[in-house]
Amino acid sequence: MQSHLKEKIAYYLKGYSVALLLLLPFLVSFVMFFVVPFVSGINMSFFHYNIADPSDTYFVGLDNYSYFLFTPEIPVVIGGEPLLGPDGEPMMVANTAFYSFWYSLLYTFLFALVIVPVSIFLPLFLASLLKKRPYGYRLFRSLIFIPSIFAVSATGAAFVYIFSNSEDGFINSLLGTRIEWLNTPLSAWFVIFLLCLYGIGANFIILAAGLENVPRSLYESSLIDGCNSFQKLIYVTLPGIKYQLSLCFFTTLIGYMNLYGQNRVLTMGGPSDFAHPERPGVTHTVIYVIQDYLTGSGKFSLMGRISAICIVFGLIVGGLASLRLFLDREKKGGNRHANEFKAYFEAKKAAEGR
Amino acid sequence: MKKMPFLLLSGAALALAACQPGGVPGLGSSSSHENHSEAPASSSEESDSDLTYDADGNPVFENVELDFWSISIGSDGLIQQDIVDKFNEEYAGKIHVNRAERRHDEFSSAIVNTVINDPEEAPDIVQGHGERLRELQSQGIYLPLEEAIELSRIDFSREDFYANILDDLYLQDDAGNEHLYGFPLDVHSNVIIARKDIIEKNGFEVPTNFEEFIAVCQGLADMAYEGKYQYRPTAQTNPDLEWLTAPSGTELFPWFMSIEALDDALSYAITGPVQNGTKMVDDRGLPAWNTQETIDYFEQLRTYMYPTGGKRPIIKTAAAYDFISDFYQGNYIFCSTGPWNLQGYKTIFDSAIGLGDGGFAEGVAIIPLSNLFAMDETSPTASSIVGTSHAFSLTRTVESDTKKAACMVFADYMSRQYVDWIKGGHLPMRKAAMEDEALLNDPFYLEVGQYLGKQENFTLGGITEYYSEVYGLEMNQGLNEVWHQTFNTQTQGKSIADIVDEQYRNSISIIASYQ
């Protein structure tokens with residue numbers, strides 16, 4: 001049995017040793033920086049884990065998950081003793097972890113629904129305009145891409161001034177208004193939206209390259225077939241760049257599901273939801289909530305819960321990303337199309353009496 | 001065969017997991033805490049101590065390197081670096097302090113992460129905020145200081161410091177024993193700066209209590225609306241420094257608040273209720289500010305922004321901390337600012353007002369917060385100022401007696417450099433400082449320092465391990481959020497009582513959620 005195992009190991013080493021050697025640098029970093037944190041995270045999510053005091057660690061099963069997924073109300077327990085309300089009964093309060101997770105997920109998802117299509121179709125539109133090589137197109141191409149090379153914190157700082165709530169803010173002084181851009185939910189999201197548009201440069205480059213690769217012959221054929229501009233877009237251009245579109249769609253979607261920097265710089269997660277104090281600020285995204293837990297709470301015994309939130313959110317984003325694999329799969333029809341064409345051709349021949 | 005890569009990966013993952021500091025919980029984790037939480041040696045005379053003393057009984061230091069983290073990162077950080085440099089010169093060959101700055105909002109997480117996960121890189125001594133000491137002490141990050149003080153043989157007596165602050169630096173350990181966890185350095189809070197020249201030109205006096213303060217604000221706002229308000233913009237826009245008269249109908253908001261500035265929150269959201277008799281925390285460290293006094297105070301503030309009965313509004317709020325140019329122009333009369341800014345404002349104002357070296361003194365009054373928000377000036381809490389305090393603490397990674405002693409020598413030295421340190425806007429915690437001619441005759445003290453408030457009036461508000469949740473300064477919750485909603489146009493339909501109750505329950509919710 002042992003010799004069989006040895007033989008097997010020797011066989012694998014012989015067959016894969018060079019490949020393993022070449023892969024080693026990647027494998028080591030992959031294991032260290034992905035596998036280990038990932039396994040640790042999953043494991044940690046089943047524990048009460050205090051980074052300030054690792055001896056204060058014990059197994060809690062799925063409690064961390066149910067705590068923020070299914071527990072809207074919790075008792076107040078201080079020093080092991082339940083806090084009593086005015087009626088003498090244990091005081092029950094809203095579980096902010098529950099509300100923070102679900103509402104930040106909702107805000108993140110709703111924003112992604114708006115920003116993702118815009119972040120794809122706006123650069124696509126610009127790329128198709130520049131494909132016509134207008135005068136100065138090289139300059140425009142650079143101008144479209146340049147904003148995306150600046151750090152969010154730098155452009156965000158400029159936005160804070162431009163959209164300052166006071167009348168001294170650039171926009172307010174220009175319009176003579178006193179709009180609280182960053183203090184009301186819709187306008188705050190609007191400013192975040194505008195700042196996000198600074199990042200369309202990457203999609204623009206990908207889509208512009210894709211457009212260049214659509215064979216000119218297809219456009220000529222479609223012209224002969226009498227296609228108008230819209231039909232050319234639908235039947236030639238979009239199918240011709242479907243892989244680029246798919247890439248842009250999913251990278252943009254994943255990027256905006258992880259939205260954090262823009263909100264941090266512009267709104268600090270606010271404004272508050274005045275009608276529902278248990279909910280997070282209306283520009284809190286899931287990553288913002290996780291970050292709040294990690295650094296803002298001043299508590300270090302929440303690593304289990306934070307890990308659980310990360311795992312669940314990772315699964316959600318991973319699920320969305322895996323859609324791409326499904327949508328991009330090669331539709332293998334075997335020789336179905338050939339058979340169909342053969343049948344059509346023979347039927348036509350028969351009809352013509354040949 | 002296909003399982004081979006997976007097995008390799010899993011094996012490597014588990015091996016690495018077992019190697020990482022602290023391990024993966026549940027996968028054979030080991031507690032580094034146990035190594036660090038051992039009781040420190042009780043006496044320097046124990047044979048295993050690495051600390052020796054000379055014939056005079058003074059500890060002997062030879063090239064001791066100390067890593068020091070400080071949260072003083074602004075202009076006071078520069079001042080502190082100078083003091084540290086001076087210390088390094090004086091103790092050359094004995095103790096050398098390497099100072100590093102940490103931002104206030106990352107300080108707690110940075111120190112916990114370093115002490116736990118990278119103890120080799122952890123600082124030996126830190127300068128944090130005394131009012132937040134409990135948060136880290138309750139998690140076992142800091143060591144009690146008594147043993148280190150004894151080892152260092154510095155002259156430390158509880159009576160040498162202001163008890164109202166020092167007492168809050170004594171905290172209970174897990175066994176219920178009280179220990180000193182912060183070596184006191186200073187106490188500070190915002191002050192109000194006022195355009196003294198404009199106030200006096202319009203026939204008022206610089207206010208010293210709430211009643212006078214509101215009367216001056218309302219008087220100036222009325223005068224502006226009636227076209228009688230006289231003001232003097234600075235030399236940039238008014239080279240001859242002429243006194244101008246505002247046209248009638250001018251809306252002047254004399255009292256400016258930076259609604260998102262933490263220091264303004266400490267003044268208006270915390271000091272205000274405390275001066276009116278509200279206690280911040282109860283015996284369990286939970287919020288206790290949901291009182292009628294708090295409601296009355298914020299209701300009163302709201303009427304100054306949304307007045308009734310034909311009165312003019314006197315408060316203006318803005319998110320950003322950007323009042324200074326309007327202050328120069330005479331558009332705002334009263335603004336709250338951190339005392340560490342005063343040195344810079346003085347320099348600018350001296351030249352901007354166009355009067356040379358006396359410009360700041362002629363144009364600006366510095367008003368400490370005592371009595372300024374108390375509706376009843378005779379109440380025992382009327383003069384209270386809720387401030388913050390800098391204090392030195394030892395991290396639990398310091399195991400060497402020599403280092404412990406060196407840290408205390410350094411802390412002791414720093415606490416005696418008050419003539420320099422006050423220029424950062426920080427009032428000394430040593431009582432002796434207030435009798436020291438060097439300080440009392442210092443030009444900065446005479447012009448600025450003496451107006452920052454009296455140390456006896458300061459309080460840290462109430463020590464609690466739930467500081468973030470109770471005060472809500474960083475996270476827009478608690479009293480900070482009550483203050484915001486008092487003025488927010490979107491919450492005008494809500495009564496202050498409802499806002500206070502909601503935010504109180506929210507604070508409790510967050511405390512409970514973070515358990």
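In which sense do strand β10 (residues 191-195) and strand β15 (residues 334-337) of chain B pair, and over how many bridges? They pair in the antiparallel sense, over 4 bridges.

This is a predicted model: local features need pLDDT of at least 70, side-chain atom pairs count only at pLDDT 80 or more, and totals for chains, interfaces and linings use all residues. Residues are numbered from 1 along each chain as its sequence is written, while chains are lettered from A and ligands numbered from 1 in the order in which they are written.

**Chain B overall**

- Chain B has 21 helices and 20 strands. Helices (H or I, at least four residues) and strands (E, at least two) are DSSP runs, numbered from the N terminus.
- Of the 515 residues of chain B, 51% count as buried. A residue is buried if 20 or more other C-beta atoms lie within 10 Å of its own, exposed if 12 or fewer, and partly exposed in between; C-beta atoms are placed from the backbone.
- Take the contacts in chain B between residues at least 6 apart in sequence: 74% of them join residues at least 24 apart. Two residues are in contact if their C-beta atoms, placed from the backbone, lie within 7 Å.

**Open sheet in chain B**

- An open sheet of 5 strands runs in the order β14-β13-β15-β10-β16, with mixed pairing. Two strands pair if DSSP finds at least two bridges between them.
- Its edge strands are β14 (315-318) and β16 (364-367), each pairing on one side only.
- Neighbouring strands of this sheet are turned by 25° against each other on average, direction ignored.
- B:Ala261 lies in the loop between β13 (255-258) and α10 (262-275) of chain B. B:Ala261 counts as buried because it has 22 C-beta neighbours inside 10 Å.
- B:Ala261 and B:Ile83 are 178 residues apart along the chain, and their C-alpha atoms are separated by 28 Å.

- Strand β18 (residues 388-395) is mostly covered, with 8 of its 8 residues buried.
- B:Thr388, B:His390, B:Phe392 and B:Leu394 point one way from β18(B). B:Ser389, B:Ala391, B:Ser393 and B:Thr395 point the other way.
- Strand β5 (residues 125-129) pairs with β18(B) in the antiparallel sense over 5 bridges. Here B:Gly128 has B:Ala391 as its bridge partner.
- Strand β6 (residues 142-143) is joined to β18(B) by 2 bridges and runs antiparallel to it. B:Leu143 stands opposite B:Leu394.
- Strand β9 (residues 183-188) pairs with β18(B) in the antiparallel sense over 5 bridges. B:His188 partners B:Thr388, and B:Phe183 partners B:Phe392.
- β9(B) is itself mostly covered: 6 of its 6 residues are buried.
- β9(B) also pairs with strand β19 (residues 427-428) of chain B, in the antiparallel sense over 2 bridges. B:Asp186 stands opposite B:Pro428 there.

**Helix pair α20 and α21 of chain B**

- Helix α20 (residues 478-487) and helix α21 (residues 496-513) pack at an angle of about 150°, with their axes 9 Å apart. Axes are lines fitted to C-alpha atoms, for helices over the stretch in contact, and angles run from 0 to 180 degrees between N-to-C directions.
- α20(B) and α21(B) are therefore roughly antiparallel to each other. Angles under 35 degrees count as roughly parallel, over 145 as roughly antiparallel, 65 to 115 as roughly perpendicular and the rest as oblique.
- From α20(B), the contact uses B:Gly478, B:Glu481, B:Val482, B:Gln485 and B:Thr486. From α21(B), it uses B:Ile496, B:Ile499, B:Val500, B:Gln503 and B:Ser507.
- These contact residues divide into 4 nonpolar, 5 polar and 1 charged. Ala, Val, Leu, Ile, Met, Phe, Trp, Tyr, Cys and Pro count as nonpolar, Asp, Glu, Lys and Arg as charged, and the others, Gly among them, as polar.

**Chain A sites**

- Just after α9(A), A:Gly226 takes a positive phi of about 85°.
- A:Ile78 lies in strand β4 (residues 77-78) of chain A. With 16 other C-beta atoms within 10 Å, A:Ile78 is partly exposed.
- Not counting residues up to four places away in sequence, A:Ile78 touches A:Leu83, B:Arg284 and B:Leu286.
- A:Ile78 and A:Glu346 are 268 residues apart in sequence and 84 Å apart in space, C-alpha to C-alpha.
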